[in-house]
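Subject: Structure for your review

Dear colleague,

Please find below the structure that I am handing over to you. My notes on it follow directly after.

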Amino acid sequence: MADPTNHNQAGEVAPSTVDKQAPSVAEEHAPSTDSPEATDIPTANAPDPKAANPEDNPNAAKPAPASPKREKPAAAAKAATGEKPAADATGEKPAAAKAPKKEKAPAVEDKPFVEFIEQDYLPALQKAIAQKGVQDLQVSFAKQKMPITGFESAEECWQIIGSWSEIGKRQFNLYFPEEDIQGKKGFSCNEGKKPSTLESFLIDERKITLDLLVYGLVQRLDGQKWLGRN
């Protein structure tokens, strides 16, 4: 007689070994919460991410992108090559370089000697003497012998000759033996007679200017009492 413990009741099918093990396997790998979570149970349709080819398997793990190399700023790169920075993205132009200083115009005293006397000194001298009350002044500029007693053998030199006929004929001569306003200068004057004395003129001044040359001669004529009410 068969052992009743080894047989099921009639009509019942004994569970297989697989069915008995399935619950324990599911509990081991299934999450305990109701929310869906990934498990490590392999499926038939999903290939192993580690073994699959990334080109064929979209689920394959992709390598982390390499960090990009930091490039030098454009301004620093241009500065290293000596290139001037251009306008930036905002449209602002770089600070302009300082404009070179303007050179000063050459002074009238730097002109050639003859040009300075004819263009600048004679007109300024005539105006200054006229302001002192002399209306019939005549001036000339010539290179000739000195009209002084004892200087007949001296070489010709440039002279400014001025004269007017108030109370007889008054005449003065301003001499430039070196053809340079900064060089030696002489002066003589007379009233209808040949002058006998040659005076030094503006010998204590370090630098001769147009204004000083005019002022010095006017002062000398005023000291001779030839100007104004003298």
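A residue is called buried if its relative accessible area is under 20%, exposed if that area is over 50%, and partly exposed in between, with a 1.4 Å probe and protein chains only. Isoleucine 129 therefore counts as buried, with a relative accessible area of 0%.

Please note that this is a predicted model, in which local features need pLDDT of at least 70 and side-chain atom pairs count only at pLDDT 80 or more, while totals for chains, interfaces and linings use all residues. Residues are numbered from 1 along each chain as its sequence is written, and side-chain values use heavy atoms, with hydrogens and water left out.

Isoleucine 129 is located in helix H3 (residues 113-130); helices (H or I, at least four residues) and strands (E, at least two) are DSSP runs, numbered from the N terminus. Not counting residues up to four places away in sequence, isoleucine 129 is in contact (heavy atoms within 4.5 Å) with several residues, among them Val134, Phe172 and Leu221. In sequence, isoleucine 129 and leucine 221 are 92 residues apart, and their C-alpha atoms are 9.1 Å apart in space.

The next topic is the nonpolar core, meaning a set of buried Ala, Val, Leu, Ile, Met, Phe, Trp, Tyr and Cys residues joined through side-chain atoms within 4.5 Å. The largest one has 31 residues, and Ile117, Tyr121 and Phe172 have the most contacts inside it. Two or more residues come from each of H3, S2, strand S3 (170-176), S4 and H4. Helix H3 gives the most to this core, with 8 residues.

Finally, which kinds of rings were searched for pairs? They are those of Phe, Tyr and Trp (its six-membered ring), which pair if their centres lie within 6.5 Å; planes under 30 degrees apart count as stacked, over 60 as edge-to-face and the rest as tilted. The whole structure holds 6 aromatic pairs. Phenylalanine 141 and tryptophan 158 are stacked, because their ring centres are 4.5 Å apart and their planes stand at 20 degrees. This pair ties together parts that are 17 residues apart in sequence, since phenylalanine 141 lies in strand S1 (residues 138-144) and tryptophan 158 in strand S2 (residues 157-164). Phenylalanine 141 is buried at 15% relative accessibility, and tryptophan 158 is buried at 17%. Phe113, Phe141, Trp158 and Phe176 form one aromatic cluster.

Yours sincerely
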